Amino acid sequence: MKTVLLLTIALIISVSCTKKNTYTITGTIADSTQTQILLQQRIDGKFVTIDSTNLTNGKFEFKGQVATTDIYYLSKGERDLLPFLLENSTYTVTADSSVLAKAQVKGGSVQELFNSYKTMYDQYN
C-alpha cells in the first residue's frame with residue numbers, strides 16, 4: 001500500500017513538472033479591416049495554411065502543438081506575412097497598425113533569442 005502511494009505521488013510530480021507541449025498565440029492588430037488571420041508554414045516552397053481564425057475586435061488566438069521549433073508565418077494575405085519561430089510555448093503578437101509584417105512577437109525561448117539578435121543588429125545598421 002505504501003509503495004502504491006509513493007508511486008502515485010511520484011507520477012503526479014513528474015506529470016506536473018513536464019515541459020509544456022502546446023503553443024498559444026494571442027494577438028492584437030489595431031485598425032484591421034481583415035476578418036481572418038492564417039497560421040502558415042512554408043513547405044516545399046509553398047505557403048501551407050496550418051490553421052485559421054477570425055479576428056474579433058482586432059484580437060485573435062491560435063492553440064496547437066508542434067513537433068519541433070520551425071519558422072511559421074501569420075498572414076492576412078499574400079503580401080502581409082509575419083515570420084516567427086514557433087515552439088510549444090506562449091506568444092503575444094502586437095501590431096500597432098494594420099500592417100501585420102510590422103508586428104512585435106514576444107514569447108518562446110528561440111523567438112526571444114532572435115528578438116535580442118534583431119535588436120543588436122538594428123543598433124549597428
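Student: How many bridges join E2 to strand E5?

Tutor: We're looking at a predicted model here. E5 covers residues 70-77, and E2 runs antiparallel to it. The bridges joining the two number 3.

Student: Which residue in E5 does Leu 38 stand opposite?

Tutor: Stay with that antiparallel pair, E2 and E5. Leu 38 has its opposite number in E5, and that residue is Ser 75.

Student: Which residue in the turn of the E2 and E3 hairpin has a positive phi?

Tutor: The hairpin leaves 2 residues between its strands. In that turn, a phi of about 55° belongs to Asp 44.

Student: Which residues have the most contacts inside the largest nonpolar core?

Tutor: That core has 20 residues. Elements giving two or more residues to this core are E1 (23-29), E2, E4 (59-64), E5, E6 (80-86) and E7 (90-95). The residues with the most contacts inside it are Ile 25, Phe 60, Leu 74 and Phe 84.

Student: Leaving aside neighbours within four places in sequence, which residues is Leu 74 in contact with?

Tutor: Leu 74 is among the residues with the most contacts inside that core. With neighbours within four places in sequence left aside, its contacts are Ile 25, Ile 37, Leu 38, Leu 39, Phe 60, Phe 62, Asp 80, Leu 81, Leu 82, Phe 84, Val 93 and Leu 100.

Student: Is Gln 111 buried or exposed?

Tutor: Gln 111 is found in helix H2, residues 109-124. Not counting residues up to four places away in sequence, it touches Phe 84, Leu 85, Glu 87, Tyr 91 and Val 105. Its relative accessible area is 2%, and the cut-off is under 20%, so Gln 111 counts as buried.

Student: What percentage of the protein chain's residues are buried?

Tutor: The chain has 125 residues. It exposes about 8600 Å², with carbon and sulfur atoms supplying 55% of that. As for the buried residues, they make up 30%.

Note on methods
Residues numbered from 1 in each chain as written. Predicted model: local features only at pLDDT ≥ 70, side-chain atom pairs only at ≥ 80, totals over all residues. Heavy atoms only, no water. Buried < 20%, exposed > 50% of the residue type's maximum accessible area, 1.4 Å probe, protein only. Areas by Shrake-Rupley, 256 points an atom, 1.4 Å probe, with all protein chains shown as cover. Pairing = 2+ DSSP bridges. Helix = DSSP H or I, 4+ residues; strand = E, 2+ residues; numbered from the N terminus. Core = buried A, V, L, I, M, F, W, Y, C linked by side-chain atoms within 4.5 Å. Contact = heavy atoms within 4.5 Å.
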